[in-house]
Amino acid sequence: MTAMLASEQPHLNRADQLKQLRRQMAGISEASGKIGSPRRGHAHVDDLLPDSEARLPVPQLLASVLPDALPRGAVAVLSGARSLPLSMVAAVTAAGGNAAIVGQPNVGLLAAVEMGADLSRLAVIPDPGTDPVEVAAVLMDGMDLIVLALGGRSVPMTRARAVVARAQQKGCTLLVTDGDWQGASMRLKARVSGYETTSDKPGFGRISKVRLEVCAAGRAIRQARAV
Amino acid sequence: MSVASRVLAIWCMDWPAVAAAAAAGLPATSPVAVTLANRVIACSSAARSVGVRRGLRRREASARCPQLHVVAADPDRDARFFEGVVAVVDDVVPRAEVLRPGLVVLPVRGAARFFGSEQQVAERLTDAVAAAGAECQVGMADQLPTAVFAARAGRVVPPGEDARFLSALSIRQLATEPSLSGPGRADLADLLWRMGIRTIGQFAALSRTDVASRFGADAVSAHRFARGEPERGPSGREPPAELDAVLQCDPPIDRVDAAAFAGRSLASALHQTLLAAGVGCTRLAVHAVTANGEELTRVWRCAEPLTEDATADRVRWQLDGWLNTRIVVDRPTAPVVQLRLQAVEVVSAGALQLPLWGGLGEEDRMRARRALVRVQGLLGPEAVQVPTLSGGRGPAERITLTPLGDEPVPLADPNRPWPGQLPEPSPTVLLDDPVELLDAQGNSIRVTSRGLFSADPARLTTRGRDNRLHWWAGPWPVDERWWDPDRAGGRTARVQVLLESERPADPGTALLLCYRQRRWYLEGIYE
């Protein structure tokens, strides 16, 4: 890139050239440090990563809450309705990413299929043993999205920091449910705002739709609500 | 005619009948007939002595010999039982060619030199086959087809005498051996008979051009045979490579970490063998023998050819399972002294070839798989589960979970129609907790034999908490597997209910309930 720049603008003096190069270097480190890492095989860094490489697709539900999609390498704490992590898994696997669900033996995967998930790109680890965070850290090597249920535990800052660094390096997004993760960049809270039934009369109809309300908060995003 | 090519044929008489008798556990002297399309195609000598013949109808054969054991023809059974005979023959003289179950030919020159004479070879082979539980006749001649006929006659044709031996045989004999004759051979023999040619010698005396111009290609090969002209020799099979690896454990293994080391070296030995044979293993058998002589075996079936690490992992898991099983009775009583890996099913290495450019997203998939395999190595074989869509009516049975590495086979076919399947959306949390569904008076509710509620539901008690119902729908009866005796009887039905909440803004909770064996279970939560 330097060579190209020099050949295109031969009459810039040395000081200007240096200044411009510094600016570019700052841009590069910002891009790779904040938005997530380049994936393996992209050793040469463009000054801006292509959008699909740095972000994961999000379901329609979150489109208004997270207008900038879901950055790779982020850690989000999800709470409330279980449809939210499943819809995120569905969106990522449908777009060709790999996902794993750790520590949720009672998850209804059929619901994910109905949201469009590709089961061949999904793996389930119902019982991760005594240290689910370690399992998630190993999985980060190959997965694009990990849903990690902590079973009510909280991960302290010291432990979290090492795992977050690994997540950012590998470009894997971690969704923590059923527990707390200190220093998470994003917190999403979903609750059921209503059920639609085909008939209001008891004894008739069936449940046709579950409406969710999602609240998002965090460093990366402004306070937002969506229904 | 050179003396170089001498062929020995071993003919086991009435092999289909012998194999059928062996399969049924009958003695060789019992009358047995094998039928195909209601006609006897083979019978044992005991049956023949009382008048059963080939081509008889089944009922007629039974009439001639009332105690006749009649079985349907099964070429697989014949071949299976003949494999034992072939193995015995291979032990004496290697590289025998099986023309059909019951007939083996082999080159005899080297064996004759080794054992001293052709007679010696014939004697040894007859003894070996008799030891394997079959009767046989041995014949020798210069050419392969002549040797077969010599075996049927039980004779040794001296070198260069093929044509003389054949010339006395009836022309009908041309079609008796199906493995040596073309499709129209019976018609040819019949035609020659009607033309007045009664022996093979008379047929051999015809000029070849006449035979070729009048009777076609198969007749030319029959003519060559009749003259005893050189034909192909026996093309023996290569013995299949032994794809296994054995480790004698010294000191004996009683700990898992030692087993892991043993598994690694054994896996590397097995993969050397597989690599040399150019195949990959998709089904692996792990055998272990303990100091007290117990033998443990388990076969691992895999969706993809095993890598060396995957093999080592499976050995470790298996030994871990055997040595540390919770059920003390199943635990081996002594440490393992011998370990053997055997590639039960292999695929050619071409199936292992990665695409040159890689499929779209294939690299990601491989990376994900490697990560999952590492987790499997940490937690055990059953820890990582891969979901597949399966057939069924309830939300839980429509997903089949298989351990990673096993072939993902759904328990039921999802593409079949499943009438009565629950419609979308499915519950996102699956449970199986007993609950109480009550009516307004507090009596518990049943599903009647007409598939209706005994009363309108009003309340639901879950783990001591009492909730009023805001809305309910159902019951939707599930009528499946009523023919299965293993399945507990009783009606099954599903219900969706919406619980009322205390706070006015809260919509409550929607639940899926399942009624089975006169109890209600909370099956899923919609959230």
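The model is a predicted one. Chain B holds 15 helices and 19 strands, and buried residues account for 35% of its 527 residues. Of the contacts in chain B that link residues at least 6 apart in sequence, 58% join residues at least 24 apart.

**Two sheets of chain B**

An open sheet of chain B is built from three strands in the order S3-S2-S4, with mixed pairing. Its edge strands are S3 (39–43) and S4 (69–72) of chain B, each of which pairs on one side only, and neighbouring strands of this sheet are turned against each other by 35 degrees on average, direction ignored. Strand S2 (residues 32–36) of chain B pairs with S4(B) in the parallel sense over four bridges, and Thr35(B) has Ala72(B) as its bridge partner in S4(B). Helix H1 (residues 15–24) of chain B lies across S2, S3 and S4 of that chain, and runs at about 110 degrees to S2(B).

In another part of chain B, six strands close into a barrel in the order S14-S15-S16-S17-S18-S19, with antiparallel pairing; here neighbouring strands are turned by 45 degrees against each other on average, direction ignored.

| Strand pair | Sense | Bridges | Residue pair |
|---|---|---|---|
| S2(B) and S4(B) | parallel | four bridges | Thr35(B) and Ala72(B) |

**Val40 of chain B**

Val40(B) belongs to strand S3 of chain B, and it counts as buried because 24 C-beta neighbours lie inside 10 Å, where the cut-off is 20 or more. Apart from neighbours within four places in sequence, the contacts of Val40(B) include Ala33(B) and Thr35(B), and also Val52(B), Arg53(B), Arg54(B), Gly55(B) and Leu56(B). Val40(B) and Ala72(B), although 32 residues apart in sequence, are 9.2 Å apart in space from C-alpha to C-alpha.

**The contact between the chains**

The contact takes 44 residues from chain B and 41 residues from chain A. On the side of chain B that touches chain A, helix H15 (362–379) is among the elements that each supply at least two residues, as are several strands, including S14 (429–439), S16 (465–478), S17 (492–499) and S19 (519–526). The largest share, 12 residues, comes from H15(B). By residue type, this side of chain B divides into 28 nonpolar, seven polar and nine charged residues.

**Helix H7 of chain A**

Helix H7 (residues 157–170) of chain A has 14 residues and reaches 20 Å from its first C-alpha to its last, close to the 20 Å expected at 1.5 Å a residue. Its buried residues are Ala160(A), Val164(A), Ala167(A), Gln168(A) and Lys170(A). These residues lie on the same side of H7(A) because they cover an arc of only 165 degrees around the axis. An α-helix has 3.6 residues a turn, so residues three or four places apart point the same way. On the other side of H7(A), the exposed residues are Thr158(A), Ala162(A) and Ala165(A).

The cover over the buried residues of H7(A) includes strands S3 (75–80), S7 (154–155), S8 (173–177) and S9 (180–181) of chain A. H7(A) is followed by Gly171(A), which has a positive phi, near 70 degrees.

How values were computed
Residues are numbered from 1 along each chain as its sequence is written. Chains are lettered from A and ligands numbered from 1 in the order in which they are written. This is a predicted model: local features need pLDDT of at least 70, side-chain atom pairs count only at pLDDT 80 or more; totals for chains, interfaces and linings use all residues. Two strands pair if DSSP finds at least two bridges between them. Axes are lines fitted to C-alpha atoms, for helices over the stretch in contact, and angles run from 0 to 180 degrees between N-to-C directions. Two residues are in contact if their C-beta atoms, placed from the backbone, lie within 7 Å. Ala, Val, Leu, Ile, Met, Phe, Trp, Tyr, Cys and Pro count as nonpolar, Asp, Glu, Lys and Arg as charged, and the others, Gly among them, as polar. The expected span of a helix is 1.5 Å times one less than its number of residues. A residue is buried if 20 or more other C-beta atoms lie within 10 Å of its own, exposed if 12 or fewer, and partly exposed in between; C-beta atoms are placed from the backbone. The arc is that of the directions from the helix axis to the C-beta atoms.
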